[in-house]
Amino acid sequence: MQLILKPYNLKLRHTFTISRESYDIQPTLIIELKDGDYSGYGEATSNPYYNITIPKMMDDLNSLKPLIKENSLLTPEAFWDKMYPHLKHDMFALCGLDLAFNDLFAKKQGKKLYELWNYDINKNPLTDYTIGIDSIEKMVAKMKEVPWPIYKIKLGTKEDIKIIEELRKHTNAVFRVDANCGWTVEETIKNSVKLQNLGVEFIEQPLKADEWDDHKEVYSKSVLPIIADESCQIEEDVLKCNNHFHGVNVKLVKCGGLTSAKRMLIEAKELNMKTMVGCMTESSVGISAIAHLLPLLDYVDMDGAMLLAEDIATGVTIKDGIIKYSDLNGTGITLTT
């Protein structure tokens, strides 16, 4: 089994801003595992918040070429277990490798990944579309540019309630808000009341990741559900988030891919927590992998490829929040560049 690494710089349609950063280019790494006539593809983006760079991921993966080569016959679960001890310091790289192996494994079986898992796709949730922080006028313009049934709105400014009030004037869509660790306990509790009256469905990660006592207070006093993101990165975090959050947003790159994400989502459901998967502005390679988890989810944020000026692959398609799978096996993607 051959490892092939392909770095890209993904140009965004608009500058994307959250509470802690802005960017116009998203570096990403495409991982290909080639075994005879079959190729599987995975993806992991760089991320300064988690100190992940493309060169770091490439170095970590290239160091494992001999181990990867000799383990092509394993199941995805066994392959993940084999690679984890060597990549537990770089879960983003493990994610890209795991996605590629799952894609390859399903292709060898002649099935789409969700078919291999025996998942029923008839009740899949709709994906939201993200509006990054900007001037209110530009946020309204971005929303009008892409009419959508559900918007995820990035907050963490001094005008957060004003932003939602203004956006609400222009649409009846469901709103979700994500403060990306930008609020205090008092702000969150107070904002939850105002946001509920403005048609907001839930609040994502209002406080800094490790403020567990504060999370507990917000969990008990907010009138809106609170969903963990930065506080729920790896499998051990799901239980920690129980009774501190109403749900978890699992990111494939943070937890090491589809194999571990499935386990996290199943555990969260057993704890009666809401389940969500989010994206990190991936191309259609990463986004198409997320689509196969939809039957496990209450909510999904998989609009990353829609935010790009130009995609590097084809795979799932999305219209009005509805996800349609590719006709191809595996995760269903084809690289176009």
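I started with helix α12 (residues 258-270), which lies across β9 (247-251) and β10 and runs at about 155 degrees to β10. My terms here: contact means heavy atoms within 4.5 Å; axes are lines fitted to C-alpha atoms, for helices over the stretch in contact, with angles from 0 to 180 degrees between N-to-C directions. Helices (H or I, at least four residues) and strands (E, at least two) are DSSP runs, numbered from the N terminus.

Ground rules, before going on. This is a predicted model, where local features need pLDDT of at least 70 and side-chain atom pairs count only at pLDDT 80 or more, while totals for chains, interfaces and linings use all residues. Residues are numbered from 1 along each chain as its sequence is written, and side-chain values use heavy atoms, with hydrogens and water left out.

**Entry: the parallel sheet**

I traced the sheet next. It is open, has eight strands in the order β4-β5-β6-β7-β8-β9-β10-β11, and pairs in parallel (two strands pair if DSSP finds at least two bridges between them). At the edges I found β4 and β11 (299-301), each pairing on one side only. From one strand to the next the twist averages 25 degrees.

Strand β10 (residues 274-278) is joined to β11 by three bridges, and the two run parallel. Met276 has Tyr299 of β11 as its bridge partner.

**Entry: the antiparallel sheet**

Another open sheet has three strands, ordered β1-β2-β3 with antiparallel pairing. Its edge strands are β1 and β3, each pairing on one side only. I noted a twist that averages 20 degrees from one strand to the next.

How many bridges join β1 to β2? I got 13, with the two strands running antiparallel. Phe16 has Tyr23 of β2 as its bridge partner. Helix α4 (residues 91-108) packs on this sheet and touches β1, β2 and β3; its direction makes about 155 degrees with that of β3.

**Entry: the largest pocket**

I ran the void search on a 1 Å grid over the protein atoms alone: a cavity is a set of points where a 1.4 Å probe fits but cannot get out, a pocket is an open set with protein on both sides within 12 Å along at least five of seven lines, and lining residues have an atom within 4 Å of a point. Grid points are joined across faces, edges and corners, and a volume is the space filled by probe spheres set on the points.

The largest pocket comes out at about 360 Å³. Its lining has 29 residues, and Phe16, Ile18, Tyr23, Met280 and Thr281 lie nearest the centre. So the bridge partners Phe16 and Tyr23 turn up again here, under the lining rule above.

Which strand gives the most to this lining? That is β2, with five residues. β1 (2-18), β2 (21-35) and β5 (150-154) each supply at least two. By class I count 11 nonpolar, seven polar and 11 charged residues (Ala, Val, Leu, Ile, Met, Phe, Trp, Tyr, Cys and Pro are nonpolar, Asp, Glu, Lys and Arg charged, and the others, Gly among them, polar).

**Entry: the cavities**

The search gave two cavities of 30 Å³ or more. β1, β4 (129-131) and α6 (136-145) each give two or more residues to its lining, and β1 has the largest share, with four. Among the lining residues of this cavity are Arg13, Phe16, Tyr129, Lys142, Glu145 and Leu307. The classes are four nonpolar, four polar and three charged.

The second largest cavity is about 30 Å³. I found α9 giving the most to its lining, three residues. Pro206, Leu207, His215 and Phe245 are among the residues that line it.

**Entry: positive phi**

I checked two non-glycines. Asn51, in the loop between β3 (38-45) and α1 (54-62), has a positive phi of about 55 degrees. Gln205, in the loop between β7 (200-204) and α9 (212-221), has a positive phi of about 40 degrees.

Buried or exposed, for Asn51? Asn51 is exposed, with a relative accessible area of 61%. Gln205 is buried, at 0%. The cut-offs are under 20% for buried, over 50% for exposed and partly exposed in between, with a 1.4 Å probe and protein chains only.
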